[in-house]
Amino acid sequence: MQQVHPGREILRTALDAVADTPGLLALCERPDPVTLGEVGQSLDKIVLYADPESGVRVRLHVFWNGCDDLPHNHRWTFASMVLKGHFRHFMYGDQGTDDDGAFPLPFTALHARTERQGTTYALHHRMMHVLIAEENTVSLVIRGPAVKDYSFLVDTKTGERVYHFGADKESPEKEARKKMTPETLRDLAAKFSEWGLF
């Protein structure tokens, strides 16, 4: 039997509790099939811990097949560690001071590197970046509190911004499409065991 690192046992204990914790389960997300082409990424987000006072959350991200990201920023600053797989990471720099209008083309990365298993990195919420993940890549993400109402992606063909707001601003229909069920979560936990992750 494969030995699991003690730190990962903590993650497994937290993961096993999510399906029975309605507040955490409600924060977990599946890819939205309707907006997947617009967003350009296919990943599950499992919330292991959420502090309602500070807004800090600990999440697992599972990148599935066909993840073809678009340059984007976030509503929060975060740190991440690759637990399984790897991805190419392209960084475009600060989003700039102007939040309106299109970006000049070509929209070119300033830096690129490969984030492999065990790699950690942190990004400020204004940093524009792209992840191109290997199939079934898993990362642990510690995200800070949201500091703005929206983030955006950049259409690299037009330079136009595609805005995304927090879940509390989404329609009930979209929220329902992204909902993760306890059964789905348990299937993911079984997949993690199969991969020897937890």
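Here is a short chat about strands and aromatic rings in this predicted model.

Biologist: Before we start, what should I know about the numbering and the model?

Modeller: Residues count from 1 along each chain as its sequence is written. The model is predicted, so local features need pLDDT of at least 70 and side-chain atom pairs pLDDT 80 or more, totals for chains, interfaces and linings use all residues, and side-chain values use heavy atoms, with hydrogens and water left out.

Biologist: Which residue in β7 is the bridge partner of M91?

Modeller: Strands here are DSSP runs of E, at least two residues, numbered from the N terminus, and two strands pair if DSSP finds at least two bridges between them. Strand β4 (residues 87–94) runs antiparallel to β7 (residues 127–133), with seven bridges joining them. In β7, M91 has as its partner H129.

Biologist: Are the rings of F192 and F198 stacked or edge-to-face?

Modeller: Phe, Tyr and Trp rings (for Trp, the six-membered one) pair if their centres lie within 6.5 Å; planes under 30 degrees apart are stacked, over 60 edge-to-face, the rest tilted. The centres of F192 and F198 are 5.6 Å apart and the planes are at 90°, so the pair is edge-to-face.

Biologist: Is W76 buried or exposed?

Modeller: W76 pairs with F78, at 5.8 Å centre to centre and 80° between the planes. Buried means under 20% relative accessible area, exposed over 50%, partly exposed in between (1.4 Å probe, protein chains only). W76 has 8%, so W76 is buried.

Key: Helix = DSSP H or I, 4+ residues; strand = E, 2+ residues; numbered from the N terminus.
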